[in-house]
Amino acid sequence: MPTSPVPLRLPKNLLQVAELRARQQRIDRAAAIRQLLYAAATDYVLELLSEGRISLSKAAELLDCSALEIHRLAQERGLPLGSDAEDYQQAQASLKKLKPKK
Amino acid sequence: MDSDALIKLTKAGLLPIITHAWQCLIPDEVYEEVVVRGKREAHPDAEAIERFISRGLERGHARAAPRRLPPTLGPGERSVVALFVQEKADLILTDDRAFLAVLRRLELPHLTPALALVTLAEQGAVPLDQARDYLDRLKPLIRSSAYEAARADLQKLI
């Protein structure tokens, strides 16, 4: 995945968190900030998916992973995915239009 | 069908039944985001789906997707719509809420995995007791209200 530089001012407390992670993971501070950002982005994208505001394929595209991985991440967090009873009934209505009339 | 339906049908063990009863098509983009990337990430279901290609599940190359599709959809769903139009297919199979909302707005015929199972039971392609077992396997993958709606419909078939 290509990267771009972004000029960004961060509050000191968040920088301290990043430094803590950097020390624990033995990585540099920029890598720690990227990891924390990615973790937050994952949660946000999964939330949008669960609310039906973006699709599975869009979520996979945004997080640069497979659709199977998105399913696994949602399951891990206990987030429900998929249609509800109203969607089911609307699909039934859509199907009835297709069925040949007797 | 899209990636969401493909994954759920595979996990519930329903893919062989659906592909035996109906001619099922997936676009290259769905194959890429489930099978190719899934195998790269070592997901066992990716291998299982790959085995179904050419054994009932067909791949298709979709030309450009219609422009009026919203940015809430990814390349998978966009190519499903394109392939649906191109191949003059009967239905789109998906359980993705964002995609379902778009299909309703565009008035494109669609069904969900739970409804597909009920339809197969109605058609006699799946015996009722087996349909109930499959629905139970789908249960952890779908919302409880959709499960209850499908269960009630299966109950009506007795």
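Predicted model: local features only at pLDDT ≥ 70, side-chain atom pairs only at ≥ 80, totals over all residues.
The secondary structure of chain A comprises five helices and zero strands, and the order read along the sequence is α-α-α-α-α.

## Dimensions of chain A

The radius of gyration of chain A is 20 Å, whereas a compact globule of 102 residues would have a value near 13 Å.

## Surface, burial and charge

Among the 102 residues of chain A, 36% count as buried, and the chain exposes about 7000 Å², of which carbon and sulfur atoms supply 54%. Chain A carries 16 positive and 12 negative side chains, and the centres of these two sets lie 2 Å apart.

## The largest nonpolar core

In soluble globular proteins, nonpolar side chains tend to be buried together. The largest nonpolar core in this model holds 72 residues, and the members that touch the most other members are Ile70(A), Met1(B), Leu6(B) and Leu57(B). Helix H7 of chain B, which covers residues 113-122, contributes the largest share of this core, with seven residues.

Leaving aside residues up to four places away in sequence, Leu57(B) touches Met1(B) and Leu6(B), together with Leu15(B), Thr19(B), Cys24(B), Ile26(B), Ile49(B) and Phe52(B).

Notes: Residues numbered from 1 in each chain as written. Chains lettered and ligands numbered in written order. Heavy atoms only, no water. Helix = DSSP H or I, 4+ residues; strand = E, 2+ residues; numbered from the N terminus. Rg over C-alpha atoms; globule rule 2.2 N^0.38 Å. Buried < 20%, exposed > 50% of the residue type's maximum accessible area, 1.4 Å probe, protein only. Areas by Shrake-Rupley, 256 points an atom, 1.4 Å probe, with all protein chains shown as cover. Lys, Arg positive; Asp, Glu negative; His and termini not counted. Charge placed at Lys NZ, Arg CZ, Asp CG, Glu CD. Core = buried A, V, L, I, M, F, W, Y, C linked by side-chain atoms within 4.5 Å. Contact = heavy atoms within 4.5 Å.
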